[in-house]
Protein chains: 2
Amino acid sequence: MNKGQGCVRIVTVPLPRLGNNIGDVERLIGVSKEELETDRVAISLEAMKALPALLRRCNHRIKLILSKESSGWNITGVQDPDAEEAVWGIALDMGTTRLVARLMDLETGRTLGEQGFDNPQIRIAPDVLARIHHAGRPGGLEELKSVLIHSINHSVRTLCEGAGCGVESVYSMVCAGNTAISHFFMGVDPSNIIREPYIPAVNVPGTLDARYLGLCINPGARVFVFPNIGSYFGGDLVAGILFSGIHKKENPSILVDVGTNAEVVLGTKEWLIACAGAAGPALEGGMSKMGMMAAPGVIDRVAIDPVSCGIKVHTIGDEPAVGICGSAMIDLAAGLFSSGMMDIRGKFARERCADRLVQEGGMDTFVLVPAEESGTGSPITLSQVDLNSLTSSKAAMYSILQIMVEHTAGMSFGDLDHFYVAGTFGSFIDPGSAISIGMLPDIPMDRFKVLGNSSLEGAALLMNNPDLLDEIEIIRQRLTYVELNVNQEFMNIFSGAKFYPHTDRSRFPSVTGYLP
Amino acid sequence: MNKGQGCVRIVTVPLPRLGNNIGDVERLIGVSKEELETDRVAISLEAMKALPALLRRCNHRIKLILSKESSGWNITGVQDPDAEEAVWGIALDMGTTRLVARLMDLETGRTLGEQGFDNPQIRIAPDVLARIHHAGRPGGLEELKSVLIHSINHSVRTLCEGAGCGVESVYSMVCAGNTAISHFFMGVDPSNIIREPYIPAVNVPGTLDARYLGLCINPGARVFVFPNIGSYFGGDLVAGILFSGIHKKENPSILVDVGTNAEVVLGTKEWLIACAGAAGPALEGGMSKMGMMAAPGVIDRVAIDPVSCGIKVHTIGDEPAVGICGSAMIDLAAGLFSSGMMDIRGKFARERCADRLVQEGGMDTFVLVPAEESGTGSPITLSQVDLNSLTSSKAAMYSILQIMVEHTAGMSFGDLDHFYVAGTFGSFIDPGSAISIGMLPDIPMDRFKVLGNSSLEGAALLMNNPDLLDEIEIIRQRLTYVELNVNQEFMNIFSGAKFYPHTDRSRFPSVTGYLP
């Protein structure tokens, strides 16, 4: 099916005549069933209302705007095919800290605009856990839902204005988010997500009415919410799998989505296993007092000369440095290690660091950018505590991968055809740096593929090709979620991974480290 | 299926457990599919929202409130089975002049209350044609819809208050009305109903969301609108057929719904043919200047002694007479004819009428109740013009029946096993009187069955037994609508039927008329 063809069709409805009392709606549904080769076609009340006048104005040739759903097709709108009215859709990635909305033309599949915006729930409660607790208070769930929907409506309106039409041109929305945010989005009680036995209220919301959700788009519009696999494996990951295509490949691939959590999916077209583990605070935003999201002045790349220990930093927008983001932290650790400024235990090496190392609150602190060069008037620093936190995070990441690939699937990293890295943060990681600190496995660089916002891309993919609903259902049914047991075995693996790059050097043949 | 069982079930949902991440909604849908023996079960967002807390409060044993629809079952609500919360439904007959709402208990099938109320659209436009024209004006359709919905909401609230619960206890509504009012109810453009080739916008609305229609009942409630057969054969008639059961009988029966129009359905379990024709103004309300709806003081029965010409009138509530209703008009005509006060042409016979006949505006006028006995201070009278109008109406009725039974179906009236009379007005007709004026065919009296408000009863039947959806679809597909052609043949038949009881006396062997 070509792009866009799935959602928009032009049909010619048979003319009414005396002696045949078939209603307008029934004649339309009849011809739609033929066109779509199905016997399950429903129609929105909005489309029903618009149909009689439109049919006669357009000589019974009309444009159908369709939503494919698990229960069949739904005619969400009807238009004059010659009027060149917009038929748009919104693909939406709903993250705990940030959302991204993409406006798409359903007829061409083209992207018309994209906008990222902060999750306004942050103002109510910083993380998922706190928000779920807040939802349990009187009016709390409604508050969390309404600020979220309000911000989405605002973004949709901005995108539509930018593209030159009104929000009523949006006939479809495809949303992917983690399990908690999907519950908030629908206003459904998320409390059992964090209570044993950790059961979501709903895993397969399916397709809902935009109006019920409070979304200000076309009143007949339908909203697909990606299914969750469980409390700790959300629709954003399912969308990511869809986008990566690992569920269709002959040979095993792995998908790692690194955000607040590290979610890992391993599989082929025959099987899929998944697990999620805490990636640690070092990997996104709040790592150190300097850690921050991508913004002008944030350091996003660090390079250190292993011999001279000279440091080059790159900031977003080439502005004076104001902070450091997660991917640059990995570059930094890689540089510190290869230049000998950090030892294999992840401790600063005083001699090599020289005057870059200062004491702050009685703690070794590495000055990355001195005060006089920074954009804040203070130096951009990394303390031993910050570094320890990064060490834990990278060790956790590698341990999860090792457990999944070696222990659960009984394979070796070398068996992986593709290593997909996704997530807001994952997208910026330099695989070379990540390998050299022992965070990612030491496999050929060309096997790493950075996917970007795979949740958004998966949503956009479905928007352009509703037949992918079947693939989503296959992913959902095929995927086995493996609980990560933090037991003695895990702790042993984790301890080994806390070294740079690893206690077992044979795992990282390409990483030489500092050779004085 | 027992009464009520179709819409309410109690199920035990499997307990969630660690290692099984099936969501609450999916576990409920799983057990519902088993209970209902189907694989098509959907759930409302409202029920989704209520489910997580309810499941845990009720130890996973819950009451499901269900709606059976053409696309499968829909869980509209969930309740604590031990809380004895009300689960109600509203059966609604939507007439051009009057609506009747019946509040029912979905668990027992019992009627909890019933209320008739005027169609508020009358204030905007008196009849269907004028309303359809009004709908074409800016805001007209919305106005007609909103006054209608408002009046329904008001009635539902009154009924619920009377039964001791709130409107949120109403989970289901089944509505039957003519084609135009069904369009108004949904806010769908009715204009093509009266424009060649007379095609409704929609014949099969199916089941809709209460909220979309503006109905103030449970937010998850679903509303079934009986399908129309065409512009001139509405869902009220389909509901009437369902209630009469003629579509299930071995031998032919006929159903006549006499209101503003006379709609006739003839058939067996093998076939159904229908036609609608103007019954004439004499048959409801506005007949003469005295004609009025059933109300205190309205004459509803008239008996005339054929020898003495003594007249007995009965009024509603035994109040002094203020007017005369359609059924009493038929009694009156029958009495006038049998007493010789009216001849076979339907003209007053001066000698027999004696001083009952006066001149008013130069026209023979019959005094039924003298001024001194009436409740208005004026006499209750019937002019020759009023009588002519009744004559035309009764002739039209008989002609339609003759065309249907003899010409279209090729049968004789004697072949009819049952003759069902329905409609607000039809319910009050005395078949003996109607036969003696040649309005209804001269068949044994025990074949006549008065159905009352068959539209409302059909709606109530479906409310208690959702399996009847299949029968409704069978009726819809099997029924052939025959256009009544007012051609020379019809005019010949009509001319014969304008005599009392008929020019062909062999058609009315039991009617002797006045034998002086």
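Predicted model: local features only at pLDDT ≥ 70, side-chain atom pairs only at ≥ 80, totals over all residues.
Let me begin with one pair of charged residues: the side chains of Glu35(A) and Arg9(A) meet in a salt bridge, with N and O 2.9 Å apart. A salt bridge here is a side-chain nitrogen of Lys or Arg within 4 Å of a carboxyl oxygen of Asp or Glu. Glu35(A) sits in helix α1 (residues 24–36) and Arg9(A) in strand β1 (residues 8–12) of chain A, so the pair ties together parts that are 26 residues apart in sequence. Helices (H or I, at least four residues) and strands (E, at least two) are DSSP runs, numbered from the N terminus.

Residues are numbered from 1 along each chain as its sequence is written, chains are lettered from A and ligands numbered from 1 in the order in which they are written, and side-chain values use heavy atoms, with hydrogens and water left out.

How covered are the two partners? Buried means under 20% relative accessible area, exposed over 50%, and partly exposed in between, with a 1.4 Å probe and protein chains only. Arg9(A) is buried at 13%, whereas Glu35(A), at 34%, is partly exposed. In the same helix α1 of chain A we also find Glu34(A), which is exposed at 64%.

By the salt-bridge rule, the count over all chains comes to 40. Another of them joins Lys269(A) to Glu250(A), with the closest N and O atoms 3.3 Å apart. Lys269(A) lies in the loop between β12 (261–267) and β13 (272–278), and Glu250(A) in the loop between α7 (235–244) and β11 (253–258), so this pair ties together parts of chain A that are 19 residues apart in sequence. Lys269(A) is partly exposed at 33%, and Glu250(A) is exposed at 57%. In chain B, Arg507(B) forms a salt bridge with Asp504(B), the closest N and O atoms being 3.7 Å apart, and Asp504(B) is partly exposed at 32%. Salt bridges that share partners also join Asp24(A), Arg27(A) and Arg56(A) into one network.

Now, which residue is buried yet has no salt bridge? That is Asp105(A), whose nearest side chain of opposite charge, Arg110(A), is 5.1 Å away; for charge, Lys and Arg count as positive and Asp and Glu as negative, while His and the chain ends are not counted. Asp105(A) belongs to strand β6 (residues 98–105) of chain A, and its side chain reaches the backbone nitrogen of Thr108(A) at 3.3 Å. Leaving aside neighbours within four places in sequence, Asp105(A) is in contact (heavy atoms within 4.5 Å) with residues including Val87(A), Trp88(A) and Asn464(A).

Next come a few details of the backbone. The helix α7(A) is mostly covered, with nine of its ten residues buried, and just after it Gly245(A) takes a positive phi of about 75 degrees. Tyr198(A) is a residue other than glycine with a positive phi, near 60 degrees, and it is found in the loop between α5 (179–186) and β9 (206–209) of chain A. In chain B, the peptide bond from Glu196(B) to Pro197(B) is cis, with omega near 0 degrees, and another cis peptide bond joins Tyr500(B) and Pro501(B), with omega about -15 degrees.

Finally, how do the two chains relate? Chain A can be laid on chain B with an RMSD of 0.1 Å by a turn of 180 degrees and a shift of 0.1 Å along the axis, so the two copies are related as by a two-fold rotation axis. The copies are superposed by least squares on the C-alpha atoms of residues with pLDDT of at least 70 in both. Of the residues of chain A, Ser71(A) comes closest to that axis, at 3.9 Å for its C-alpha. Of the interface residues of chain A, 100% are also interface residues in chain B, so the copies meet through the same surface.

Key. Polar contact = N/O pair within 3.5 Å; in protein donor to acceptor, adjacent residues only side chain to side chain.
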